[in-house]
Structures are given as structure tokens and as C-alpha cells.
Amino acid sequence: MSWQGEVGLPSVPAPRVGDEPELMAAALAGDAEAAHRLGKLFAQHGDRAAARHWWERAAAGGNVDSAYNLGIWHEKHGSLEDAVTWYEAAASTGDAEAATNLALLLLEQRGDVGAARVWFESAATGGSRTAARRLALMCEDAGELGTAREWHRRAAEGGDAASAHDLGFLAYCAGEDAEAVHWWECAARGGHADSAYCLGLYLHASRDPEGAEAYYRLAARSEHPGAASRLGGVALSRGDLRAARAWFEQAANAGRAHDQRMAGFVCVELDDTAAASHWFGRAAAGGDAEAAFNYGLLLIAEFGDLAGGQHWFRQAARAGHHRAAVELGGLLSVVGEHREAQVWLSDPPPPSWARPAEPELTARAELAASATRRRDGAELEVADLAEVLSTWDLMTRPLHDHSEVLAWLVERSGAHASAVEHLASVRGALVRPGSAPWPSPGELQHVLVTARDLRWRLGIR
């Protein structure tokens with residue numbers, strides 16, 4: 001069935017130069033196979049019109065491969081309507097490749113989801129891994145998660161690493177951890193770097209840092225920036241600044257502001273102020289307020305650049321950075337710009353919570369964020385999710401028995417019970433996927449307000 005690079009073994013011998021007279025005689029006598037081979041020969045010579053002519057004769061004689069090739073021919077050089085007609089002729093005989101191409105054409109060119117799904121089902125049942133995956137994604141979009149998992153399973157068992165990766169997430173979201181690990185392992189063995197990274201996150205969240213590191217390294221071999229960032233954190237925790245720098249810079253080169261900032265911090269520790277300036281500058285230019293603040297400090301302390309420091313303090317302060325506003329106010333006072341200095345000093349942005357979350361909590365937060373945005377869903381910030389998890393962890397550490405944790409928190413903080421219950425529900429969904437729906441972005445912001453209020457009430461800084 002192959003023609004000009006199409007995948008698949010030809011069902012008839014490939015025509016050779018010099019075969020034309022013999023094939024022509026047989027084709028004129030009504031031999032459909034000979035007409036098909038003659039069409040292929042003309043296609044190889046670049047004579048599209050002749051190829052089409054002989055494939056039409058072959059298809060009229062019942063040659064399915066010619067009908068399929070005519071579908072490709074019309075999709076590339078003719079009309080989409082004719083392509084649909086010929087693909088349908090081949091697909092109706094059970095040809096899975098033709099059914100897949102027909103479904104894609106109907107979906108992408110006509111927007112006919114219903115008809116496309118019928119042909120994807122036909123192709124997937126006939127063994128097309130591509131069709132099974134596309135069908136699974138359509139089912140996900142329709143909210144048919146059980147059916148989606150079955151089609152993903154067919155594709156994954158046929159070697160589709162992307163569907164194995166998706167199966168891992170569908171299982172994780174349903175709270176089926178063992179199933180999630182199984183499919184992520186399958187995908188990782190198939191070279192899927194995101195699955196290796198997700199396994200690393202899962203093991204980190206499960207307090208297995210050694211196992212996590214092994215999978216981070218596997219993902220990093222494929223230049224996965226998230227894995228490089230995690231390995232930078234691991235090296236930093238061990239005091240290996242040079243390794244930390246290499247990993248953070250690998251992640252930073254992918255345009256990740258957080259890792260550009262972290263590369264800057266490590267370069268400061270290594271006394272490489274030029275490199276630190278480079279990385280802080282890139283992150284600051286990308287809108288990272290913490291990097292802008294530290295860039296300002298570096299410019300003043302190492303290069304005596306007061307104007308540059310003032311510029312980046314102002315950028316950070318406008319983005320809501322408390323310390324930058326205070327430093328900017330002090331700097332403006334020194335240079336005599338008292339009016340603007342008073343604005344920043346009298347009403348600086350409130351300080352943000354800078355207490356770092358435990359690595360296993362940030363890993364859990366990142367898995368949740370990845371799960372919600374996997375199919376263009378709600379965009380949840382990892383830092384916000386980690387703050388919710390970390391707040392709960394800090395508040396409940398004094399407890400030995402967590403069976404009455406809600407009543408204990410309400411009594412100790414004086415907060416309204418419904419607010420504490422809502423926070424507990426969101427935290428539960430993050431820690432035990434499947435126990436409750438993932439929070440929406442609006443719900444997460446509401447819960448963050450509750451978490452910050454509780455920290456203030458309980459004196460947690």
C-alpha cells in the first residue's frame with residue numbers, strides 16, 4: 001500500500017523500470033493488480049496524471065491499495081471531496097490506514113466529529129495505533145474517561161508511549177497509584193521523557209529521593225528541563241555547587257525563569273558575578289520579581305551601579321515585591337527623591353511568604369499542576385499548590401492524632417469551620433488524587449486566602 005514514502009509493506013511486488021510493456025499489456029487486459037503496479041511506476045517517474053489514471057482503473061477493478069493511493073493523491077493534489085470518496089472506498093473494505101486518513105480528513109477539514117469517530121473506531125478495531133490514540137483523546141474531550149482509557153490502553157499496548165503516559169495520568173487522577181506507576185514506567189522505557197520525570201516526581205512525593213533521582217537522570221538525558229531543575233536542587237542540597245550550576249543552567253537555557261534565578265544564586269555562591277548578572281538579568285527581563293530584586297542588589301553591591309539597581313528595584317516593587325519596595329524607598333531617599341521614596345516606604349506591597357516548601361510537597365504540587373493542564377485544562381501554579389500543602393503541613397505538625405484535625409484547627413485559630421473544611425478538601429485532592437475534584441484556579445485563590453489567614457492567626461511566619 002505504500003506510495004512515495006507512505007508507511008506499510010506493499011501488497012504486490014514493486015514495479016521495476018523495464019516492466020512497462022508487460023504491465024501495460026496486463027492492465028489493458030483488465031488485470032487490476034497490474035494496473036495498480038503500473039500506477040506506482042508512473043508515480044515513481046513523477047507522472048501524477050498517469051498514476052491517477054491507472055489507479056482509477058485498478059480501483060474500479062477492486063484493488064483496495066489503488067483506492068487508498070487515490071485518496072492520498074487527491075488529498076495532496078486534487079480535491080478533498082474526491083479524497084474522501086476514495087478513502088471511504090478503501091476504508092469500507094476494512095483497510096485501517098484508509099479509515100485513519102479518512103477520519104483525520106473529516107475531523108480536521110470538515111470538523112465532522114461524529115463521522116470521524118466512526119472511522120477512527122473502525123481503524124482502531126482494525127489495529128491502527130494512531131486511530132486508537134486519536135479516539136482516546138476524542139473520548140477524553142467528551143468526558144468519557146472510561147472509554148478513553150480503553151482506547152489509550154490499546155494504543156499503549158501497541159507501543160504508543162504517549163498513550164501510556166496519558167494512561168498514567170488518568171490513573172493518577174483517579175487515585176490508582178499502582179496503575180499510574182505501571183504506565184509511566186512503560187512510557188519511560190519507550191523513551192518518553194515526561195513519563196520518566198513524572199515517575200521521579202511521584203517517588204519524590206512518596207519520600208523516595210534516591211528512586212526519584214534515578215528517574216530525573218533518565219529524563220534529563222533527553223534534555224528535560226524540569227528534571228534538570230530537580231537535579232540542580234538535589235546537587236544544591238548536597239553542597240555540590242558546580243553540579244548544581246550545570247543542572248540549573250541546563251534548565252535555565254530552556255527559558256525557565258525560576259531556574260535562571262537559581263543559576264544566578266549559585267553563581268553568586270561561586271563568586272562568578274558576571275554569570276550571576278547574566279542569569280538574574282534574563283529572569284528579571286522575563287518578569288521574575290525575585291530575580292529583579294536580586295539583580296538590583298548585585299548591580300549595586302558588585303558594580304556600584306545605583307541607577308541600574310534603582311531600575312530593577314522599581315520593576316520588582318511594581319510586581320509586588322515587598323523588600324524591593326523598601327530598598328527602593330531607601331535608595332530614593334539617599335539620592336534626594338523624597339516624594340517617590342515616601343510612596344514606596346509608606347505603603348509597600350505586603351511581604352510574600354518566602355518559606356520554602358519541602359521537596360516532596362513541591363513534587364506533589366507539580367504532579368497536580370501537570371494533571372490539570374495536560375489536556376489544556378485549568379492552569380494551576382505549582383507555587384500556589386505548594387503553599388497550600390506546606391501551610392497545612394506546618395499547621396498540623398504539633399498533632400499526634402489527626403482524626404480530629406478540623407475541629408482542632410477551628411478551635412485553635414478561630415477561623416470559620418467551612419473555610420477550614422474547604423482548605424482540607426483541596427489539600428486532600430492534592431495529596432490523594434481521586435478523593436475530590438482538582439481545584440479550579442478561582443477555588444485555589446480562595447483557598448490561598450484561607451491558608452494565609454490561618455498562618456496569620458496561628459503566628460506561622
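**Exercise 1. State how many aromatic pairs a search of the whole structure finds, and describe the one formed by Tyr68 and Tyr87.**

*Solution.* Rings of Phe, Tyr and Trp (its six-membered ring) pair if their centres lie within 6.5 Å; planes under 30 degrees apart count as stacked, over 60 as edge-to-face and the rest as tilted. Tyr68 and Tyr87 form a tilted pair, with 6.2 Å from centre to centre and 55° between the planes. Tyr68 belongs to helix 4 (residues 64-77) and Tyr87 to helix 5 (residues 80-91), so the pair ties together parts 19 residues apart in sequence. Helices are DSSP runs (H or I, at least four residues), numbered from the N terminus. Both Tyr68 and Tyr87 are buried, where buried means under 20% relative accessible area (1.4 Å probe, protein chains only).

The model is predicted: local features need pLDDT of at least 70, side-chain atom pairs count only at pLDDT 80 or more, and totals for chains, interfaces and linings use all residues. Residues are numbered from 1 along each chain as its sequence is written, and side-chain values use heavy atoms, with hydrogens and water left out.

**Exercise 2. Describe the second largest pocket by its space and its lining.**

*Solution.* A pocket is found on a 1 Å grid over the protein atoms alone, as an open set of points where a 1.4 Å probe fits, with protein on both sides within 12 Å along at least five of seven lines; lining residues have an atom within 4 Å of a point. The second largest pocket holds about 280 Å³ of space. Among its lining residues are Trp353, Glu387, Arg452, Arg455 and Trp456. Helix 26 gives the most to this lining, with 3 residues. Arg455 lies over the face of Trp353, 3.9 Å from the ring centre; such a charge has CZ of Arg or NZ of Lys within 6 Å of the ring centre and within 35 degrees of the ring normal.

How values were computed: Helices (H or I, at least four residues) and strands (E, at least two) are DSSP runs, numbered from the N terminus. Buried means under 20% relative accessible area, exposed over 50%, partly exposed in between (1.4 Å probe, protein chains only). Grid points are joined across faces, edges and corners, and a volume is the space filled by probe spheres set on the points.
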